[in-house]
Amino acid sequence: MANVSVDVREDVMAKAVKEGAIAGIVAFLMFLVFVGIETYQDINNQLVWRTRWGLLAVFVIVAAVGRFLTVGFIKPHLDARKLAKAKTGVLEISEEKSFFHKHFLKIALVFLLCYPFLAMMVFGRQGSLKYVDNFGIQILIYVMLAWGLNIVVGLAGLLDLGYVAFYAVGAYSYALLSAHFGFSFWLLLPMAGILAAMWGVILGFPVLRLRGDYLAIVTLAFGEIIRLVLINWTDVTRGTFGVSGIAKASFFGIWSFDVGAANNFNKAWGLPSSSVYYKMFLFYVILALCMLTAYVTIRLRRMPIGRAWEALREDEIACRSLGINTVATKLTAFATGAMFGGFAGSFFAARQGFVSPESFVFLESAVILAIVVLGGMGSLTGIAIAAVVMVGGTELLRELEFLKHIFGPDFTPELYRMLLFGLAMVVVMLFKPRGFVGTREPTAFLKERKAVSGSFTKEGHG
Amino acid sequence: MATGMTTMTNDTILKVERLSMKFGGLMAINDFSFEAKRGEITALIGPNGAGKTTVFNCITGFYKPTMGMLTLKRSNGSEFLLERLRDFEINKVAGVSRTFQNIRLFSGLTVLENLLVAQHNVLMKASGFTILGLLGFPAYKTAAKEAIEKATYWLEKADLIDRADDPAGDLSYGAQRRLEIARAMCTGPELLCLDEPAAGLNPKESLTLNTLLRGIRDEGTSLLLIEHDMSVVMEISDHVVVLEYGQKISDGTPDHVKNDPKVIAAYLGVEDEEVEEIEEQLDHGTVEGGTV
Amino acid sequence: MEYFIQQLANGLTLGSIYGLVAIGYTMVYGIIGMINFAHGDIFMLGGFAALIVFLILTTFFAGIPVALALLLMLVIAMLMTGLWNWTIERIAYRPLRGSFRLAPLITAIGMSIVLSNFIQVTQGPRNKPIPPLVTDVYHIGNITISLKQILIIVITSILLFAFWYIVNKTPLGRAQRATEQDRKMAALLGVDVDRTISITFIMGAALAAVAGTMYLMYYGVAGFNDGFIPGVKAFTAAVLGGIGSLPGAVLGGLLIGLIESLWSAYFSIAYKDVATFAILAIVLIFKPTGILGRPEVEKV
């Protein structure tokens with residue numbers, strides 16, 4: 001027996017070496033032109049080139065060694081584990097969830113509520129600004145957007161690649177209406193949502209007969225049209241210059257955050273004048289908005305309309321045969337999702353103080369969709385985790401100053417943000433095509449609530 | 001048995017008049033007429049490709065007929081022209097529901113949820129189109145409880161009560177078929193259209209199906225079914241209509257149809273002259289077993 | 001009138017480029033039902049490869065004849081994109097084939113992001129200009145037609161004919177069409193489905209490389225973001241012509257190119273892209289199968 005396993009081992013090793021070599025050669029050919037050669041402009045602004053054999057060597061070696069290790073060690077290890085599991089014949093369904101698992105949501109909520117104060121304690125007043133704003137608020141905006149898109153894509157199965165359009169409607173309506181009419185944030189927030197929902201119905205109506213892929217493309221087209229109109233309709237939107245000087249949100253109309261205002265928040269409470277307090281306030285606002293989105297989603301899932309959305313995703317024809325008006329159902333999904341996008345948009349404008357068409361490119365729609373799919377369609381928790389990982393992760397890259405020491409002072413991790421984001425998208429899809437959370441929680445049960453495995457849920461064909 | 005073309009008797013629930021369906025150059029159904037009586041099980045049979053599912057799709061709103069009138073008369077007397085209704089209205093307003101040849105369940109939803117989706121319209125009204133329900137008004141809570149009770153009733157009738165919380169996609173084939181029927185019944189239809197409900201069922205399952213269908217009929221719902229399995233058709237049908245190449249070739253009781261030479265010829269592929277021969281012999285009473 | 005003919009020529013040239021890219025989209029969609037979001041970036045990659053080859057050639061062989069340089073640029077760009085697309089298909093798309101339909105879409109979007117950022121990171125974010133390659137122009141009355149326009153149209157026509165021949169007259173083409181119609185059955189009948197799909201990806205990439213090289217030659221500049229808008233326009237062309245139809249892709253490309261240049265000439269340059277997207281939306285809403293596409297009937 002030992003001889004056999006040694007032979008097998010040798011075979012695997014031989015294969016690994018061969019595959020590693022092939023990988024190295026392929027990598028060499030692929031990267032020869034793009035990595036091995038660098039084009040740049042010299043002082044005369046002429047395009048010239050130089051070689052980067054070192055970098056090319058790194059790529060080739062990484063590819064070759066990586067493939068070698070995968071074929072030689074990692075894959076056999078994973079296969080052996082699968083075999084061992086199959087042999088014991090025990091299904092790994094442990095009924096007992098750990099304390100952390102059971103109370104995850106409560107723990108997370110408590111953590112979020114305390115987050116700004118924790119950040120202030122750890123990093124000091126000014127230091128916490130970055131953590132509250134760039135991390136906290138930024139991530140929560142994406143969570144809300146993803147939860148909003150989740151209603152359209154995750155629940156109703158309508159593939160929307162132009163969700164950023166509603167985000168833009170919300171942002172610009174707050175920006176322009178507050179500038180022209182002086183309405184307060186709290187009045188415009190619901191208005192932005194309603195306007196976005198209206199747009200959802202207008203855009204949705206002509207396209208909802210379309211099948212999955214086509215619906216995706218047409219929504220992409222609409223998203224781009226809106227962005228291009230924003231760029232070119234300079235009379236109203238000031239084009240690429242954007243709208244600046246957008247009014248800040250007030251503390252429910254009681255205290256203002258404008259520096260110098262008579263009822264300034266900081267002054268009223270005897271706090272030092274620092275923008276941190278405004279950001280902390282905003283943090284709680286977006287947190288509340290997220291909670292609202294989650295609450296509405298959870299409640300709606302238990303209502304007939306929510307069930308109709310999920311049924312629509314599973315089989316539209318069956319829905320029609322059960323007397324469900326599929327057009328109206330799709331429109332409500334679209335409009336509801338759009339509404340939350342509008343809320344997020346107006347919040348975004350209030351926080352930035354400035355909006356421009358640059359913030360509403362297709363890439364944003366793609367990122368939000370990626371978060372929904374990576375998180376597991378329909379799962380609020382999974383999506384939130386995906387947002388934290390993807391958005392937080394890329395924000396984290398900005399912080400990694402120490403990498404400058406390794407790669408030299410010219411190294412800006414910034415540039416790699418999107419590259420790593422794209423790679424993460426590809427990698428996660430390879431390993432978990434149904435997202436982090438692969439199961440669906442049923443909304444009604446007779447005896448016990450059993451999670452539905454992701455292999456049964458359909459992804460919708462529009 | 002009145003087969004008048006102009007007035008509908010009180011018995012008739014569905015009247016198909018001169019239905020024709022053309023696909024490009026192909027005439028799938030040609031001048032097809034029949035009546036289904038209330039409280040009866042009517043079967044639509046015929047060799048493969050005869051156009052049975054096409055007829056179904058016309059009745060249930062998936063195809064728009066090229067020509068013809070499909071009149072549905074509800075028990076309260078109101079009549080609807082099915083070819084004029086929107087696809088979902090055929091169920092919502094006219095009370096017609098159906099099952100599909102290739103099972104169309106909501107496989108990612110649980111068995112119970114499948115049945116709750118079927119009661120969508122009732123629940124929507126009770127929830128004040130979601131708004132009242134969202135605000136927690138009691139009307140919805142009561143309606144929701146009633147909906148679960150109705151679902152439970154049909155789960156027991158279809159022998160699915162033990163699998164209520166399992167994903168529909170997890171069920172065996174026979175169970176999935178029963179679920180589709182239960183789901184269609186939860187919409188409270190007056191006419192249930194079944195497209196090959198016995199397909200793929202073993203003899204024991206077919207017997208269970210027969211009991212279920214008879215039970216549905218006895219409670220007042222009319223049934224229209226397409227079926228190949230003669231043990232089901234002959235056992236439970238009150239009325240059989242035979243289709244071949246898009247045209248009606250026989251219409252009557254199961255016994256009548258069973259012995260109709262045209263039907264035999266259609267299924268067995270007898271030469272046309274032979275059919276005429278047999279008909280002649282029948283007329284002269286020289287062939288056994290033929291009763292008109 | 002002459003202005004019109006001038007715009008016509010411009011439109012046909014642009015349309016040829018879009019058509020070449022559109023073929024790649026339509027072939028991949030036809031054979032595995034996937035919208036390859038990264039295809040536009042393969043087009044950009046091809047352009048960059050051509051750019052780099054050009055730089056190297058002009059450094060080492062300063063006096064090289066333009067025709068030879070172009071030929072080498074084309075060949076190497078095609079090899080490069082072919083290799084990249086083959087690798088991408090094997091690593092990222094093949095494992096997801098046939099399962100969840102949304103996953104390959106997300107992967108393709110991710111791949112698109114990776115490709116454009118890869119070039120941005122390795123070659124820098126600034127646009128790269130090159131000196132004009134082909135400068136001859138011909139005058140017919142008041143109309144100016146440049147040699148490069150003629151070249152683009154001629155090369156596109158030749159490639160089109162070659163591809164039409166391959167798809168309709170060779171065993172490979174037959175295998176492709178069979179796989180398109182019914183993958184499982186084709187496999188059961190002995191078609192090497194994996195290989196057929198790989199070859200489809202390679203062919204699409206090669207055409208995109210030609211388009212990328214032509215684009216570089218026409219506009220004289222390459223940027224890492226060049227994949228997005230031309231990519232969407234080419235996809236619009238594929239849809240307009242009828243997704244899954246090769247002649248449809250080319251027809252669509254020509255139409256889009258004509259619409260774009262005529263719109264910019266007679267209305268406004270600013271909104272020309274809006275016009276393209278609006279057309280895409282209108283076609284999808286009213287005739288999703290496009291001009292030459294086959295209508296799909298879903299069996300109930």
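Predicted model: local features only at pLDDT ≥ 70, side-chain atom pairs only at ≥ 80, totals over all residues.
View 1. B:Val240 has B:Gly252, in strand 10 of chain B, as its bridge partner. The hairpin has 2 residues between the strands, and B:Tyr245 takes a positive phi near 50 degrees there.

**View 2. B:Arg18, a residue with positive phi in strand 1 of chain B.** The phi angle of B:Arg18 is near 50 degrees, a positive value in a residue other than glycine. The strand that holds B:Arg18 comprises residues 12-23 of chain B. B:Arg18 counts as partly exposed because it has 13 C-beta neighbours inside 10 Å, and a residue is exposed with 12 or fewer and buried with 20 or more.

**View 3. B:Glu196, a residue with positive phi in a loop of chain B.** B:Glu196 is not a glycine, yet its phi is positive, at about 50 degrees. The loop in which B:Glu196 is found runs between strand 7 (191-195) and helix 8 (203-218) of chain B. Because B:Glu196 has 21 C-beta neighbours inside 10 Å, it counts as buried; the threshold for burial is 20 or more.

**View 4. Domain 1 and domain 2 of chain B and the contact between them.** The domain assignment gives domain 1 of chain B as residues 10-95 + 189-261 and domain 2 of chain B as residues 109-186. Taken over C-alpha atoms, the centres of the two domains are separated by 26 Å. Domain 1 of chain B contributes 11 residues to the contact, and domain 2 of chain B contributes 10 residues. On the side of domain 1 that touches domain 2, strand 7 and helix 8 of chain B each supply at least two residues. Helix 8 of chain B gives the most to this side, with 4 residues. By class, the residues of this side of domain 1 divide into 7 nonpolar, 2 polar and 2 charged.

**View 5. The contact between chain C and chain A.** Chain C provides 52 residues to this contact and chain A provides 46 residues. Several elements of chain C each supply at least two residues of the side that touches chain A, among them helix 2 (39-60), helix 3 (66-93), strand 1 (128-129) and helix 11 (272-286). The largest share of this side of chain C, 16 residues, comes from helix 4 of chain C, which spans residues 102-123. The side of chain C that touches chain A has 39 nonpolar, 9 polar and 4 charged residues.

Technical notes
Residues numbered from 1 in each chain as written. Chains lettered and ligands numbered in written order. Pairing = 2+ DSSP bridges. Contact = placed C-beta atoms within 7 Å. Nonpolar A, V, L, I, M, F, W, Y, C, P; charged D, E, K, R; others polar. Domains from an automatic or database assignment.
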